[in-house]
Amino acid sequence: MTNKFKTVSIDTMIDKHIGKKGTKKRDAFENELRIDLLGEAIRQARQERNLTQEELGLLVGVQKAQISKIENSVKNARLETILKVFNALGASLKFTVVLG
């Protein structure tokens, strides 16, 4: 039996279906990935400090549900709240702004 599938790299698939590096669609895709990583970083930092979402929410001044939303997707979170979360965790956040 012949294998009908061809193995390709993830970069090749992204280039084909999202767009080449430097295109608007590709930049938006990569920025969204970075934003998702931010939520995961918040979750890891909270867990390393043995805090529940509720406890972190109390430190920040928001409800547990807001912490959960931030950890799962910071896309709709206010920057001010994200900065408060990092401050409460004793963590720092560095931004790189790329103008294109």
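Leu37 counts as exposed, with a relative accessibility of 58%; exposed denotes over 50% relative accessible area, buried under 20% and partly exposed the range in between (1.4 Å probe, protein chains only). The structure is a predicted model in which local features need pLDDT of at least 70 and side-chain atom pairs count only at pLDDT 80 or more, while totals for chains, interfaces and linings use all residues. Residues are numbered from 1 along each chain as its sequence is written, and side-chain values use heavy atoms, with hydrogens and water left out.

Leu37 lies in helix 2 (residues 24-48), helices being DSSP runs of H or I with at least four residues, numbered from the N terminus. Between Leu37 and Val74 there are 9.2 Å in space, C-alpha to C-alpha, and 37 residues in sequence.

Glu71 belongs to helix 4 (residues 64-72) and is buried. Neighbours within four places in sequence aside, Glu71 is in contact (heavy atoms within 4.5 Å) with Gly39, Glu40, Ile42, Arg43, Arg46 and Gln53.

| Residue | Relative accessible area | Class |
|---|---|---|
| Leu37 | 58% | exposed |
| Glu71 | 2% | buried |

Gln53 is also one of the buried residues of helix 3 (residues 53-60), together with Leu56, Gly57 and Val60. These residues are on the same side of helix 3 because they cover an arc of only 105 degrees around the axis, the arc being that of the directions from the helix axis to the C-beta atoms. On the other side of helix 3, the exposed residues are Glu54, Leu58 and Leu59.

How values were computed. Helices (H or I, at least four residues) and strands (E, at least two) are DSSP runs, numbered from the N terminus.
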